[in-house]
Amino acid sequence: MTTSAFPALLTSLAAGASLEEGLARTLRRLVALTGAAGGALVFNPPHAKPIAATAGPRNLTRDLLAGASTRHVLQIPLGAPARPVGRLVLLGRAGALKRTALPPGFGRELGAAIEQVWGLQRRTLRTTMLTEITRLLGSSDSLDEVLSAFAEGLARLVDFDSVAALLLDAERGEFEVLDVTARTVPGRIARDLRLPLERTLLERVVASGSAVRVDDLAAASVPAASRVTLGARGWRSALLVPLVTQGGVFGAVSLVAARPAAFGAADAESAAELAQPLASAIEQRRLLDESRRRAEELAALYTTSQLITGRLDVASVLDRISGSVTALIGSTGCGIGLLDATRTRLVHAAAHGYKSEEWGALALPMGEGLMGCCAETGQPIRVDDVRRDPRSARRDVDERESIRSMLCVPLRVGGTLLGVISAFSTRQAAFSAHHQRVLEAFAEQAGIAIQNAQLFEESVHRTREMRALLEAGRAVTASLDLERTIHVIMEQARAVLGVSCGIVLKDPVTGILSSVASLDLSEELVAKVRIPEGVGITGRAVAERRPMQSADLWNDPRARFPELPRAQGLRSLLAAPLRVGDGAIGAIIVLRRDVHEFSPAEEELLQALADQAAIAMEHARLYERLEARVADRTRELDQQKRFVEVVLETLPLGVFVLDADLAIVRANRAGAGALGEAPTGKPFPALLPPARAAEVEAFLRAAVASQRVETMEHELAVGGDVRVLRLTVAPLAGAAAHVVLLVADVTRAKQLERQMLLTERLSTAGRLASGVAHELNNPLATIAGCAEALSARLTESGLADRPELADFRGYLTLIEEEAFRCKEITGSLLQFVREPGDRRAPTDLNAVVAKTIELLSHQSRFAGSRFVTEPAPELPPALINEGQFRQVFLGVASNGLEAMDGRGRLTVRTRAIRDEVEVEFEDEGPGVPEEMLGRIFDPFFTTKPPGQGTGLGLAIAQGIVADHGGRIEVQSRPGKGSVFRIVVPAQPQETAYPQGGHE
C-alpha cells in the first residue's frame with residue numbers, strides 16, 4: 001500500500017455515521033489494499049468499552065479478536081508506542097502478507113486519526129445531548145421525563161452501570177436519592193430513598209463545588225457512609241458531578257460502575273457539561289412546583305377559609321378542615337384532636353385519609369405521643385421518621401397506617417389551646433419548614449372557625465336543651481297520657497344527649513329495677529334488664545338520688561350487663577333518678593355510641609328531664625287513682641241510673657218529663673203505651689184528642705205556675721178504646737221550668753170498682769132472692785099440702801064422682817103440680833146462689849146442661865128464645881165442680897141469648913171424642929168480629945154497651961175450665977152466629993168413683 005492511499009482511508013473513517021461504521025469501512029479498504037484474507041480493527045477509548053470492526057470469515061475474525069495464534073497474521077499497534085489506543089490485525093494468505101505491505105508509521109497515524117474522529121464524534125454527541133436537555137427546559141415534561149432523557153443521553157457519552165440524582169435537603173442535613181436508572185426502564189420501580197449527608201461523597205461535592213471521581217470505593221479515603229452504602233451494592237467506582245444554580249450546589253449526578261477506575265477526566269467533563277442544563281431543568285421545575293404549590297396553597301387557604309367559615313356545625317367544620325389539610329400540604333391524611341371537657345386528653349374529632357378505625361378514633365393523654373407533646377408544649381412538631389422518634393406512641397397504629405412522617409401544629413384561639421392538627425405522610429421527611437408555616441397559618445383560621453362553630457353549636461345545644469325542657473314540660477301539663485308523655489321526654493333526651501334512651505322503674509316491693517320503655521332496644525333485650533337498687537350504674541343513681549355515668553361501658557366494671565351495649569354498639573351511659581319526694585321510683589337512661597364523658601351541664605339537663613318524667617308519672621299515678629274512684633263512682637251512678645231507668649221502664653205507670661213549653665223531654669215505655677206514642681220534642685197536649693187538649697194544657701200550666709202537685713182524671717179515646725187516665729203533675733225541684741207528669745191508666749180499676757159495686761148488688765140480690773125463695777117455700781108447701789089434702793078428701797068421701805066437682809080434682813092436681821114446680825124453681829135459685837166450694841165429683845154433663853136450660857127458660861128476657869138440646873147418649877162423666885160448670889154454662893148460654901136479643905135458637909150439644917167430653921153452645925147471633933176474637937177472653941173486655949156488661953164472664957169461665965184441664969174453643973162467622981165449645985177431660989173408667997162421689 002502506498003502513502004497516497006492513506007487520505008482515502010481517513011475519508012472512509014470520517015464518513016461513517018458512527019465510529020463503529022467508520023472503522024468497518026477503513027478495515028475493508030485495508031483488506032482490499034493489502035490483499036489480506038481478513039482482519040480486525042479495534043479501538044480502545046479511554047474509560048470505555050473497546051470498539052471493534054471485522055472483515056473476512058466470521059470464525060477467523062472471531063479467533064483473531066480472541067487472540068488465537070496463526071502463522072499468517074500481521075498485528076500493528078495503533079497510536080503512540082507508549083500509549084497505544086488499539087490494534088490492527090490482518091490475516092494473509094500463505095507467503096503473501098508481509099509487514100512491508102503497510103508504510104512505516106501507519107499504525108501511529110491511523111491511531112491518531114481514530115482518536116481524532118472519536119473525539120469529534122463525542123463533541124458532536126455531547127452538543128446534541130446539551131441541545132436536547134436544554135430543549136427540555138422550556139418543555140412541560142415532568143422531572144422524571146427530564147431525568148430519563150438525561151440518563152439516555154449520558155449513557156451515549158459515559159459508560160456506567162447506574163445513575164442517580166442526589167438532591168440536597170440542607171434543612172435536615174439529608175439528601176434524597178432519585179433512582180434515574182429505574183426511570184429509564186419501563187415497568188421498573190424507582191427505589192428512591194433519603195440518606196444523611198454527613199460523611200458522604202455528596203458532602204465533598206457540596207463543600208468543594210466540583211466533581212468527585214473515585215476509582216476504588218473500597219479505598220480508605222472514601223467517606224465511610226458512601227463506602228458502606230455503595231460498597232454494599234457492589235459498586236467499585238463512582239463519579240459525582242455537582243448540580244449548581246445561582247444559590248450554589250443543591251445536589252449532584254452520581255454515576256457508579258461495578259468495575260474500578262471506570263471513569264476518566266473526559267467522562268467527568270461530559271457528565272459535568274450535561275449536568276449544567278439538568279441542574280437548570282431541576283431548579284426550573286422546582287421553582288415552578290414551588291410557585292404552583294404556593295399558588296395552590298394560597299388558593300387552598302382562601303378556599304378553606306371560605307369553606308370552614310361557611311358552616312357553623314362543628315362536625316362539618318372539622319371534616320372540611322381535615323380534608324383541606326391533605327390538599328393544602330400534600331399529606332396522606334390528617335387528624336384533628338380536640339381537648340376533652342377535662343382538658344387532659346386529646347380525642348380525634350375528625351380524620352381524613354386513614355385506613356384503620358383505631359387511628360380515626362385515637363385518643364391520647366396530654367404529653368403522650370407526638371400530638372400529646374404538641375398540645376402540652378404548644379409548639380409545632382415535625383418528624384421525618386416516626387419510627388425513630390422516641391416521643392411517638394401507638395406505633396402499632398402508625399404501622400397499620402404506614403405512617404413515616406408527621407407534622408403537628410397546635411390549634412389556638414386567643415391564647416387558648418383547642419387541640420392539635422396532625423398531618424401524616426407515608427413518605428419519610430414529607431414535610432418541610434414551609435409546610436409547617438403553611439399549616440400554622442391554616443391552623444389560625446381553623447382555630448377561629450372551630451371556636452365559632454363550637455360557640456354556635458353550644459348556643460344551638462342550649463336552645464335545644466331549652467326546647468327539650470319546654471316540650472317535656474308541655475307534654476307533662478298538656479296530657480295525662482303517661483305513655484305519650486314519657487315517649488316525648490325520651491325523644492327530647494335522645495335528641496339532645498345521645499342516640500338511645502330508656503326508662504327503668506323500681507318495684508316498690510322487691511326494689512328491683514326493670515326496663516319499662518326504650519326508644520331503640522328490642523322488647524327481648526328490655527326484658528333482660530333487671531337490676532337491684534344500689535347495684536350497677538343505674539342502680540346507684542336510684543339509690544343515691546343523683547346522676548351517674550360511665551364514659552366507657554365496655555370497660556367499666558360497674559356495668560351489670562356489658563354485653564348488651566356492646567351488642568348494640570352503645571359505649572357511654574348517663575342515668576338520672578326519677579325523684580319523687582325523698583325517694584326515687586326509677587331512672588331515665590341515655591346512651592351514646594362513642595366513648596364520651598358527660599358534662600355537668602348534660603347531667604343537669606337529664607336530671608331536669610328526669611324530674612319532668614317523675615312528675616308525669618306521679619300525675620299519672622294520681623290520675624289513675626282519681627280515675628279509678630271516678631270509674632267506681634260512675635259505675636255506681638250508672639248502676640243507679642240503669643236501676644232507675646229499669647224501674648221507670650218497668651213501671652206500669654206512664655212517666656213524662658216536660659219542659660217549659662210542655663214539650664216531651666223524656667217518656668218511658670208505659671207512657672208511650674198509654675197514649676199510643678210519645679215522640680221527644682212533641683207537645684204533650686198534642687197527643688190528646690182536640691176536645692181534651694185545651695183542658696189538659698190549662699191543667700198542666702196551672703200546676704207549673706202553682707208549683708204544686710195536682711191530679712185530674714179524664715176519659716180519653718186512645719187507639720179506638722175509651723180509657724180513663726189519671727194525670728198527676730209535679731214540678732221538678734231544682735230543675736227550672738221542668739215538670740214530671742204521671743199518666744196512670746185506671747180504666748181497669750174503674751171497671752173493677754163498678755164490678756165490685758155490681759157484684760155487691762148481685763150478692764145482695766142473691767141473698768134477698770135466697771131469703772125470698774126460702775120464705776116462698778113455706779107457703780108453697782102449705783098450698784101443696786092443702787091441695788094434696790083436698791084431693792085426698794075428695795077421693796075418700798066419694799065426692800069426686802059428683803058432676804059439679806068433676807073439674808075440682810083436676811084443679812087441685814094442677815095447684816099441687818104448680819106449687820111443686822115453684823118449689824123446684826126456688827130450690828134451683830138457692831142452689832145457684834149457694835157457694836159451690838171446690839168439691840169435684842164425676843158428673844153427668846147432660847144433667848148440668850138440662851138444669852142450666854131449665855133455669856134460663858124461666859127468665860122473661862129469654863121468653864122469645866128457643867132452646868134445643870142434643871145430648872149424647874152414654875156420655876162419660878167428667879170429674880168437675882158441678883156448681884162452677886153450671887156457672888160456666890149459664891155465662892156462655894147467656895152471652896149467646898143476649899147476642900140474639902132474646903130471640904132465635906140456642907142449640908146445646910154434648911159429645912164424647914176419644915178421652916174428652918165436649919159441650920157446644922151454638923147461637924144465631926151476629927157473630928164476633930175477627931179482630932176481636934183474640935181479646936174476648938181478656939178481663940173487662942166487652943162488646944156490650946156501657947153499663948150492660950163487665951167483661952168478666954168469659955174470663956172467669958176460661959179460668960174455671962183451664963183449672964179443670966180443659967179449654968174453650970170459639971168459632972164465629974160475622975152474620976152467621978158463634979159456636980163456643982167447652983172441652984174437658986173425660987173421667988178414665990179405671991178410676992171411676994163409687995156412687996156418692998168423692999171429694
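Accessible areas here come from the Shrake-Rupley method with a 1.4 Å probe, and for residues only the protein chains shown count as cover. On that basis the chain has an accessible surface of about 51900 Å², with 53% of that area belonging to carbon and sulfur atoms. The model is predicted, so to speak of local features a pLDDT of at least 70 is needed, side-chain atom pairs count only at pLDDT 80 or more, and totals for chains, interfaces and linings use all residues. Side-chain values use heavy atoms, with hydrogens and water left out, and residues are numbered from 1 along each chain as its sequence is written.

Now for the overall picture. There are 26 helices and 34 strands in the chain; these are DSSP runs numbered from the N terminus, with helices being H or I of at least four residues and strands being E of at least two. Of the 999 residues in the chain, 43% are buried, where buried means under 20% relative accessible area, exposed means over 50%, and partly exposed is in between (1.4 Å probe, protein chains only). Contacts, meaning heavy atoms within 4.5 Å, are counted here at a separation of 6 or more, and 58% of them involve residues 24 or more positions apart.

On to the rings. The structure holds three aromatic pairs, a pair being two rings of Phe, Tyr or Trp (its six-membered ring) with centres within 6.5 Å; planes under 30 degrees apart count as stacked, over 60 as edge-to-face and the rest as tilted. One of the pairs joins Phe656 and Phe684 edge-to-face, at 5.1 Å centre to centre and 65 degrees between the planes. This pair links distant parts of the chain, 28 residues apart: Phe656 sits in strand E23 (residues 654-658), Phe684 in the loop between helix H20 (669-675) and helix H21 (690-706). Both Phe656 and Phe684 are buried. Phe885 and Phe889 also pair edge-to-face, because their planes stand at 85 degrees with the ring centres 6.0 Å apart. These two belong to helix H25 (residues 882-899), and being four residues apart puts about one helical turn between them. Phe885 is buried at 0% relative accessibility, and Phe889 is buried with a relative accessible area of 0%. Ring pairs also bring in Phe921, giving a cluster of Phe885, Phe889 and Phe921.

Charged side chains come next. A salt bridge is a side-chain nitrogen of Lys or Arg within 4 Å of a carboxyl oxygen of Asp or Glu, and by this rule the count comes to 38. In one of them, Glu924 meets Arg905 with the closest N and O atoms 3.4 Å apart. Here too distant parts of the chain are linked, 19 residues apart, with Arg905 in strand E31 (residues 904-913) and Glu924 in the loop between strand E32 (916-922) and helix H26 (953-963). Glu924 is partly exposed at 42%, and Arg905 is partly exposed at 32%.

Another salt bridge, at 3.1 Å from N to O, joins Arg911 and Glu918. Arg911 is partly exposed at 28% relative accessibility, whereas Glu918, at 9%, counts as buried. Arg967 bridges to Glu916, with the closest N and O atoms 3.1 Å apart. Arg967 lies in strand E33 (residues 967-973) and Glu916 in strand E32, so this bridge ties together parts 51 residues apart in sequence. Arg967 is partly exposed at 36%, as is Glu916 at 21%. Through shared partners, salt bridges join one network whose members include Arg911, Glu916, Glu918 and Arg967, along with Glu870 and Arg981.
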